[in-house]
Amino acid sequence: MAEFTEKWLPTYIRRDLTVLFCGINPGRVSATAGFHYANPANLFWRGLFEGGLTARQLLPEETSLLLDYNYGITDLVTRPTRSSSDLTREDFDTGAEQFVHMIQTYRPRVICFNGITAFRHATGQKKAAVTLGLQPEKAFATDDWAGSYLFVIPSTSGANASFTRTERIAKFAELSDFLRQKDWHPLPLPPN
């Protein structure tokens with residue numbers, strides 16, 4: 001059987017997605033399972049549902065259903081590791097270069113970074129203070145495209161002790177509200 005470090009997770013993407021979710025890199029549990037955020041301790045799938053972004057809580061093996069909502073998913077670095085601290089500077093540099101090319105090709109309206117580290121390396125803002133939520137400026141623009149809105153949520157990893165579950169889930173709800181403001185939300189408004 002192949003070691004988890006020899007596996008990779010697919011990117012689910014197409015042109016003009018409403019939201020592309022971007023994590024740092026696949027962890028051991030996800031790489032072994034073959035699905036994004038497969039570790040039961042990870043709050044990603046719960047956050048999507050409880051934050052109002054999906055009609056029900058999807059299972060990791062239903063990742064492809066994100067496309068039904070006009071959402072996609074990828075990782076900044078494709079190489080699986082036990083911990084993101086095992087990634088090298090070269091991993092991040094290569095991942096960021098490939099990520100920018102992908103974004104400029106597929107042009108998602110919003111990129112939601114799952115964790116500050118993914119945001120820092122993707123945008124090159126490695127030292128600046130990062131505020132969670134909607135960022136003040138779009139990024140990755142080309143001569144004929146204005147770029148993507150950027151949104152940062154706290155890492156949904158079970159190892160993230162810097163934020164409570166409630167705080168992490170609340171950021172998904174903020175993203176949901178932003179999509180409603182832009183009239184991009186895939187779900188109808190819930191009845192009052």
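**Exercise 1. Classify the ring pairs around Phe44.**

The structure holds 12 aromatic pairs. Work out the geometry of the pair Tyr37 and Phe44, then that of Phe44 and Trp45.

*Solution.* Before starting, note that this is a predicted model, where local features need pLDDT of at least 70, side-chain atom pairs count only at pLDDT 80 or more, and totals for chains, interfaces and linings use all residues. Residues are numbered from 1 along each chain as its sequence is written, and side-chain values use heavy atoms, leaving out hydrogens and water.

Step 1: recall the rule. Rings of Phe, Tyr and Trp (its six-membered ring) pair if their centres lie within 6.5 Å; planes under 30 degrees apart are stacked, over 60 edge-to-face, and the rest tilted.

Step 2: Tyr37 and Phe44 are 4.3 Å centre to centre with 25° between the planes, a stacked pair.

Step 3: for Phe44 and Trp45, the centres are 5.0 Å apart and the planes stand at 85°, so this pair is edge-to-face.

**Exercise 2. Which residues does Asn70 touch?**

*Solution.* Contact means heavy atoms within 4.5 Å. Not counting residues up to four places away in sequence, Asn70 touches Arg14, Asp16, Leu17, Thr18 and Val19. The C-alpha atoms of Asn70 and Val19 are separated by 7.0 Å, although the two residues are 51 residues apart along the chain.
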